[in-house]
Amino acid sequence: MAENNNSQEQPLLLNGSSNSKHETFTKKSSPLPSLFKWGLKSLMWAIFSIWVAAIFFYCTGFVSHLLRKWVDATEGTLFGITGSIFLGFSAPILIVAFLAFIYVSAFPRDNFEANKSKFPRFRLWTFPVLVDGPFGVVSASEFIGIALFIVYVLWSITYYIIAGSSLVSKLSVPSKEKSYFMLELIGVRLGSIGIFCTIFLFLPISRGSILLRLIDIPFEHATRYHVWLGHLTMFLFTLHGLFYVAAWGLQGNLPEKLVEWKEIGVANLPGVISLLAGLLMWVTSLHPVRKNRFELFFYTHQLYIIFVVFLVMHVGDFIFSIVAGAIFLFILDRFLRFCQSRTKVDLISASCRPCGTVELTFSKPANLSYNALSFIFVQVRELSFLQWHPFSVSSSPSDGKYHISVLVKVLGNWTEKLRRIITNYNQNENENGSNSQKITACVEGPYGHESPYHLMYENLILVAGGIGISPFFAILSDILHRINEGKPCLPKNVMVIWAIKKSNELSLLSVIDSQSICPSFPQKLDLQIQTFVTQQSGPSLEEGKIEQNNISFPSIFMKKGTSMSSLVGTGNNIFAGLYVILSTFGFIAFFALVQVYYISKFGIYQWWYRGLLFIGCMVGGVVLVGGIVVISWHLFERKFAKNENNFTDSCIEPILSSENGDTSLASVQTLRYGSRPNFEELFTEFSDKVGNVNIGVIVCGPAGLQSTVAKECKSQNLSKRGRKNNAIFHFNSHSFDL
C-alpha cells in the first residue's frame, strides 16, 4: 500500500518532467537565493541569541560591567541614557522585525516539498511531552521554553540573593537596618526580573506580528504563551510589591511610602496603581473566571492601558526603554487592528443549519490571502459594539478569491441572538416579499499559520469534536481543489475522526460539495471519515430527511456586500513593512525633537514625566507617521478593489449555491452510534496501512479531546516493540481558547 501511494506522488508534485528539469537546473545554477536566505536567517538568529544571552546573564557582574561601559560610551548622544538602554535591549528585537519582513517577502512559506528523509523523524514542535497538567498539551519545544524561563528566574533570584547578602554583610549598620535593606534589595531585583519577563509577555499577543509569522507560530498558540508569561510576570511583580510593603511596614512608614511620588527616582504611587490594575487583570484571567465570565475577563483586560502608562510613570523613561521595543510592536499591531476593524462588512450570506449551526460568508478583496488553517475575529453590530469572537475559517482559499466563510455553533447568548436575526429575516421576507434589514459586521484578520502545514504530510489524521470539524472542511476542500487543479499537494491518505453528540450534526457534511470540486476524488485520494455519534444508540427518525438534498433552512443572501479591509499585519508585506519601519523612525524622530526642544531646553528632570513623554512619542510615531502609511495602504486597496468589482458576484454565487449541497462525502463515511473513538485502535490501523512514515495529526476540539489525542500520539511514538512499522505521529492542535 505504501509503495502505491509513493508512486502516485509524482503527478501531483510536478507539472511535467520539463518543468522539473528546469527547476533543478535553476536551483543548481543560482545558489545566491539560498545563500542570501541562509545569511539572513543566521543574522536574525545571531542578533536574537546575543539579545537573549544579555537578558539571561544581566544579573552577573560581567554583563553589568559591559552595560556600564556601553552607557558611558553612548549616553553623551542626543538620546542620553534612555537611548543607550533602548539600543541595548529594545533595538535588537526591532531590527529582527525589520529583517523578518525582508525574509517573509523574499521567501514565502507557500512553497513546500516532501520530506526527503528515508525514515520518519521526531520533531520538537510536534512531539507532545506533557499531556496532563496546568499547561495542557505541551510539545518538546514548548517544554524547553518553559524550562528556560524557570531556570532564568531561579538563576537570577539565586544570584541576586547571594550578591545582596554579600553586600549587606559589609554594611556597618544595625541588623534591623540590614534586614530592611535586604528586603528592599530583593524587591527591586524581583521587579527587574519582572521587567524582562514583560518583554516576552507582549511579544506573543500581537495578532499579526511579523515575529510570529517568521517562526510560524499562529496567534491561537501564542495566546497560551501570553497566558503562561502573564502568570509568571504578575507573580514576580506581586512579590516585588510585597517585599517593599514588608520592609516599609517593619519600618513603620508604609502609608507614606505607598503614596510617595518622587520627582527623581522611582515613583511609588504609580507603581501601586499599575500593580493593582495588573492584579485585577490577573485574577479575572484565571481559567474559571475566563470560562464562566468571559465578558468580565474581556473588559477588565482593557486595563492594560492603565498598567502600561502607570508602569512607565513608576520606573521612568530609561528603565521603561528596556521593555519599550516589545510594547511598541504591540502598539503597532493594536493600531492596525483598530483601523481594519472600522470597516463595516456586509454579510453576503448567512444561513441557519438544522443542527444549530450558523454559516456566515463575508466578502473579501482578492488580494487578501489566507490558508485553510486561518481564523478571523468577528463583531456583529446588530448584537454588540464591543464583543469580538474568534472563528476558524470553514472555506478554503481555492473556493474563491472573493469570500471567506465561518461556521458558528449556537451555544450562548450572542450566537443565539445571531440565529434569531437570521430566522426573523427569513420569516419577514417570506411574509412581505422583501426585507430591508441586513447584518453588518466588522472583521479582524485573517490570522493563523504562515505555512499551510496540512499540505506537508502525505498521511493525515484529522480529529474533531463537534463544531471542531469546521477547519477540517477548509482543509479537505483545499486538498480536493489542489488535486483537481494539479497543484502541489502531498496528502494521499486522510482519515477524519469526528465525534458528535447528535446525528443532526451530520448535515454539516453538505458544506463541502466534493462532487463538484473534484468528481474523481475517490480515485486520487484515500479519504475515510469515521463518525461517532456518542449520545444516540441508533439513527433518529429525522436523519434520513436531513441527508436528503431537498432540505431548506433560513438564510440570507445579498448580491453585493462591502468587503473586509486588507489592513492586517498578515496582508501586504510591502505596506506592512513600511508601516513598521516608518513608524519606528517616526517614534525616534519625535523623541529627538522632544529631547532637543523640550526636555533639554526647559530642563525636564522628573522621571515619571519623562516616561510619559517617551511613551507619548511611541504612540505619536505609530498614529501620525504610521497613520500616513495606513491611509496610503487603504487608498491603494480601494483602487485595487474597484478594478475587481466586476468579478465579485460571479465568483461568490457558485459556492453559495451549494446551500442544499451534495453530500457525497457521506459515501466515504463510516457511522458508529453509542460509542466514542478508540484512538489506539484507529491510529494503529492507520499506521499499519501507511507503513513507516510521518503521520500528521491535527486535532480541533475541547481540551479533553486534545489531551486524549496527544496522549495517544505520545504512546504510539514511544511504544514500538512488536510493531510492524515505526510510523511517527506528529501532534498539531488547532483549537482557539482565550
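**Exercise 1. Count the disulfides, taking one to be a pair of cysteine sulfur atoms within 2.5 Å.**

Solution: With that cut-off, you end up with zero disulfides. Before going on, note that this is a predicted model: local features need pLDDT of at least 70, side-chain atom pairs count only at pLDDT 80 or more, and totals for chains, interfaces and linings use all residues. Residues are numbered from 1 along each chain as its sequence is written, and side-chain values use heavy atoms, with hydrogens and water left out.

**Exercise 2. Find out whether C339 and C352 are buried or exposed.**

Solution: Start with the scale: buried is under 20% relative accessible area, exposed is over 50%, and partly exposed is in between (1.4 Å probe, protein chains only). C339 has 17%, so it is buried. C352 comes out at 4%, so it is buried too.

**Exercise 3. Work out how the rings of F48 and W51 are arranged.**

Solution: Rings of Phe, Tyr and Trp (its six-membered ring) pair if their centres lie within 6.5 Å; planes under 30 degrees apart are stacked, over 60 edge-to-face, and the rest tilted. The structure has 46 aromatic pairs. For F48 and W51, the centres are 5.8 Å apart and the planes sit at 45°, so this pair is tilted. Now look at accessibility: F48 is partly exposed at 31%, whereas W51 is buried at 3%.

**Exercise 4. Which residues make up the cluster linked by ring pairs?**

Solution: Look for the phenylalanines F79, F86, F320, F328, F587, F591 and F614; ring pairs join them into a cluster.
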